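I set out to record what I looked up in this structure, entry by entry. The entries follow below the display.

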Amino acid sequence: MNLKLMEDKGRLVAAVTGEIDHHNALLLREKVDRQIAAMRPAELCIDLSGVEFMDSSGLGFIMGRYRSMTGLGGKVSVKGAKGRVEAVLQMAGAYRYVEKIEGGNQV
């Protein structure tokens, strides 16, 4: 798992590549939370276009950031989910809480 954090017009973009599972979800959470605390963005965009596999730990990562961001008055969006990753998000009903951004190109 690799993570690239970028600022784009007051929005924090977290571009993840590889796999999001219980082995690396904690590290992913820590890095993103640290940047949220430092930046206090209006939006967190999680770019999943480079993610090949995500289990429930990845879903927990996304929903945890949703709770963090709404606590700050912000929002969370997800971009580029495909295949099994998209299926996990759909089945869990994640798009009732986080915005789905169409387009699979990585930021």
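**Entry 1: R40**

I first looked up R40, which is exposed, with a relative accessible area of 56%; the cut-off for exposed is over 50%. I note here that the model is a predicted one. R40 sits in the loop between α1 and β3. I then read its backbone: R40 has a positive phi of about 50°, although R40 is not a glycine.

**Entry 2: K9**

I turned to K9, another residue that is not a glycine but has a positive phi, here of about 55°. I located K9 in the loop between β1 and β2. Is K9 buried or exposed? I found K9 exposed, with a relative accessible area of 83%.

**Entry 3: The sheet**

Next I traced the strands. In what order do the five strands of the open sheet lie? I read the order as β1-β2-β3-β4-β5, with mixed pairing. The edge strands are β1 (2-8) and β5 (99-101), and each of them pairs on one side only. I noted that neighbouring strands of this sheet are turned by 25° against each other on average, with direction ignored.

I then checked one pairing in detail. β2 and β3 pair in the parallel sense, over nine bridges. I looked up R11 as well and found that its bridge partner in β3 is E43.

Two helices were examined against the sheet. α1 packs on the sheet and touches β1, β2 and β3; the direction of α1 makes about 175° with that of β2. α3 also packs on the sheet, where it touches β3, β4 and β5; the direction of α3 makes about 125° with that of β3.

**Entry 4: Helix α2**

I checked the length of α2. Its 16 residues should span 22 Å at 1.5 Å a residue, and the end C-alpha atoms are 22 Å apart, so the two values agree.

I inspected both ends. At the N-terminal end, D55 caps α2, with a side-chain oxygen 2.9 Å from the backbone nitrogen of S57. Just after α2, G73 takes a positive phi of about 85°.

Which residues of α2 are buried? I list S57, G58, L59, F61, I62, M63, G64, R65 and M69. I found that these buried residues pack against β2, α1, β3, β4 and α3.

**Entry 5: The nonpolar core**

I looked up the largest nonpolar core, which has 26 residues. Those with the most contacts inside this core are L44, L48, M54, I62 and L89. At least two core residues each come from β2 (11-20), α1 (25-39), β3 (43-54), α2 (56-71), β4 (75-79) and α3 (83-92). I note for context that nonpolar side chains tend to be buried together in soluble globular proteins.

Not counting residues up to four places away in sequence, L44 touches L12, A14, V32, I36, R65, M69, K75, V76 and S77.

**Entry 6: E86**

Why is E86 classed as buried? E86 is buried because its relative accessible area is 13%, and the cut-off for buried is under 20%. I then looked up its contacts: not counting residues up to four places away in sequence, E86 touches A81, Y95 and K100.

Notes. Residues numbered from 1 in each chain as written. Predicted model: local features only at pLDDT ≥ 70, side-chain atom pairs only at ≥ 80, totals over all residues. Heavy atoms only, no water. Core = buried A, V, L, I, M, F, W, Y, C linked by side-chain atoms within 4.5 Å. Buried < 20%, exposed > 50% of the residue type's maximum accessible area, 1.4 Å probe, protein only. Helix = DSSP H or I, 4+ residues; strand = E, 2+ residues; numbered from the N terminus. Contact = heavy atoms within 4.5 Å. Expected span 1.5 Å × (residues − 1). Polar contact = N/O pair within 3.5 Å; in protein donor to acceptor, adjacent residues only side chain to side chain. Pairing = 2+ DSSP bridges. Axes fitted to C-alpha atoms, helices over the stretch in contact; angles between N-to-C directions.
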